[in-house]
Amino acid sequence: EVEDRLSRAWSPVRHMNAVVNEETLRKAYNACLPKLSAYQTEVAQDERVYRTYQAVAADATLDRARAKAVNDALLEFRLAGVSLPETQRRRFGELVQRLSELTSRFEEHLLDATNAWTRKAALEELEGLPESALGMARQAAERAGEEGYRLNLEPPVFLAVMSHARNRDLRREVYEAYVTRASETGPHGGQWDNTPVMEEIVACRREQASLLGYESYAELAMERRMARSPDEVRAFLTELAERARPKAEAELEALREFAAESEGVDDLEAWDLAYFSERLRERRFDLSEEALRPYFAAERAVEGLFLVAERLFGVRFRARADVPFWHPDARYHELLDSDGTVRGGLYLDLYARPHKRGGAWMDECRVRRRTDGGLQLPVAYLTCNFTPPVGGKPALLTHDEVVTLFHEFGHTLHHLLTRQVWRPVSGIHGVEWDAVELPSQLMENWCWEREALDLFAVHHETGEPLPEDLHTRLRATRDFQAGLKLLRQLEFSLFDLELHSLPEAPDAAGIQAVLDGVRERVAVVRPPVFNRFQHSFAHIFAGGYAAGYYSYKWAEVLSADAFERFREEGLFNPETGRDLARAILEQGGSAPARELFRAFRGREPSIEPLLRQMGLAA
């Protein structure tokens with residue numbers, strides 16, 4: 001009860017700090033962090049509460065969900081140091097509090113560094129940029145009280161410059177500003193430097209692991225995972241890298257040849273990759289993201305999400321305007337069961353803007369649980385950073401952005417469709433970190449299928465459905481540069497794993513050395529020496545993915561295999577959809593993920609569907 005009261009109070013504050021960040025709110029937010037950490041540590045190290053949980057765990061009459069909740073809690077008590085001697089227990093609490101402050105600082109530095117860089121640009125410098133990106137650059141100039149165009153590092157603008165700007169010098173300048181954010185180098189070098197923050201975060205985690213008797217933080221982290229050990233994860237990632245490398249090398253060679261042949265570029269650099277990849281994709285498939293954009297109006301894409309959910313799970317969403325919002329962009333929808341009963345709610349905030357954290361995510365506003373006053377319904381936030389409506393036109397998404405929207409919606413469904421009534425296993429609570437991406441990555445599959453696209457992919461002006469030849473070419477692009485994309489994700493995953501597997505905490509040079517060593521083993525593309533990727537790797541330094549970034553690929557094995565059943569039984573087979581809901585989405589964290597997957601698939605997961613999906617099966 002107390003945990004839920006605290007969550008309902010804090011969740012909107014945490015959310016607004018991410019989406020409408022400003023100095024007064026930031027100050028109040030940061031002032032609360034030590035208090036929250038102190039409270040959480042005090043509870044987690046309270047021996048009286050721990051002994052009570054131990055007594056409850058011995059009750060043979062507990063149902064599966066309650067037994068799982070109690071056993072998960074006992075593990076968390078142990079991993080919070082409840083059994084440590086008093087001095088060590090106090091030190092562990094100090095580390096928890098310090099990490100809370102440091103991860104928040106890492107994210108603030110990244111946000112400030114992202115907001116700080118802007119550049120006035122003449123129209124002739126922006127040749128090749130699509131109208132949507134030019135519109136954003138015009139809006140940025142207007143915000144600065146200027147005529148013309150101003151570039152910034154908001155994701156839609158950065159990606160547009162990297163993918164479409166013909167001016168190679170401009171691409172390099174924007175690339176350098178982006179990959180040196182919050183570091184000791186680049187345009188704002190040293191101003192919001194995450195170097196000491198990273199060093200201390202890794203050191204605090206290493207000390208936590210040591211206090212609890214683990215060889216590394218990665219070992220500690222695996223206690224909460226579906227994977228059993230760092231070695232099992234390392235073997236999984238290494239096998240994938242070996243399977244992907246020949247394809248990636250061939251893809252890179254094809255890109256080099258294309259750059260030389262099409263524009264005489266013989267020295268392919270990091271700031272050229274997205275640009276020439278997009279040109280090669282256009283030539284090979286006669287298709288560009290911009291050609292697809294008119295068919296993906298944001299409002300229609302959201303309607304498509306809801307229709308897919310209705311067909312699969314028998315639920316529907318209903319808009320409501322009589323709720324408070326933090327920004328005019330935000331929307332609210334109620335989730336209704338097939339009989340019209342309200343099951344939950346969803347806040348949507350889709351567009352990029354200043355003072356909003358980059359990326360896309362789902363977060364919980366409220367958790368489904370039984371209370372003395374009845375059933376508390378779940379509410380979610382779904383947040384993205386898409387190109388906003390510009391010049392009176394609707395917001396038009398790239399297909400990649402549609403995939404992102406469906407991904408986050410998968411997390412949302414996991415949170416909202418739960419039938420659990422105990423908070424510790426309700427929705428995404430209690431789900432192993434390396435399985436939590438299963439619903440999100442599963443939902444991405446519907447973005448590629450004709451039957452699903454017909455629900456929402458229509459031209460925003462003419463109402464014409466996505467032409468068949470465009471869809472055929474879109475499907476053909478799915479495994480375009482799949483090897484390169486996979487190796488990039490494996491590079492991030494292995495860097496995270498190796499960094500958190502070190503027996504001693506490294507300094508900045510040591511962190512860079514870990515990243516360089518991983519690139520030596522798996523990468524076919526080597527970034528320039530000024531690249532400071534790690535300084536903006538918020539997933540592991542500010543999010544919950546420390547020693548867990550591999551979970552994207554781990555869960556992708558599960559999601560590709562689960563989708564095979566829909567391929568076999570029908571994309572919108574209601575019985576298959578109901579099985580997915582009953583076996584996985586409604587179960588939350590009430591049972592181990594491996595057990596829930598077996599209930600849906602009838603067997604252990606196989607890696608082969610993922611390899612086939614990525615064109616790596618041969």
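1. Let's start at Arg-532: a polar atom of the Arg-532 side chain sits 2.8 Å from the backbone oxygen of Val-529. Its side chain also makes a polar contact of 2.9 Å with the side chain of Glu-184. (A polar contact is a pair of N or O atoms within 3.5 Å; within protein, one must be able to donate a hydrogen and the other to accept it, and residues adjacent in sequence count only if both atoms are side-chain atoms.)

2. Before going on, two caveats. This is a predicted model, where local features need pLDDT of at least 70 and side-chain atom pairs count only at pLDDT 80 or more, while totals for chains, interfaces and linings use all residues. Residues are numbered from 1 along each chain as its sequence is written, and side-chain values use heavy atoms, with hydrogens and water left out.

3. Back to Arg-532, which belongs to the loop between helix H20 (508-522) and helix H21 (538-541); helices here are DSSP runs of H or I, at least four residues, numbered from the N terminus. Is Arg-532 buried or exposed? It is buried, with a relative accessible area of 15% (buried means under 20%, exposed over 50%, partly exposed in between, with a 1.4 Å probe and protein chains only).

4. Leaving aside neighbours within four places in sequence, Arg-532 is in contact (heavy atoms within 4.5 Å) with Val-179, Thr-180, Ser-183, Glu-184, Thr-185 and Gln-512. The C-alpha atoms of Arg-532 and Tyr-178 are 9.2 Å apart, although 354 residues separate the two along the chain.

5. Now the core. In the largest nonpolar core, of 145 residues, the members touching the most others are Phe-313, Phe-409 and Trp-446. (Such a core is a set of buried Ala, Val, Leu, Ile, Met, Phe, Trp, Tyr and Cys residues joined through side-chain atoms within 4.5 Å.) Helix H11 (residues 230-263) gives the largest share of this core, eleven residues.

6. Among the contacts of Trp-446, beyond neighbours within four places in sequence, are Val-308, Leu-312, Phe-406 and Phe-563.

Methods. Helix = DSSP H or I, 4+ residues; strand = E, 2+ residues; numbered from the N terminus.
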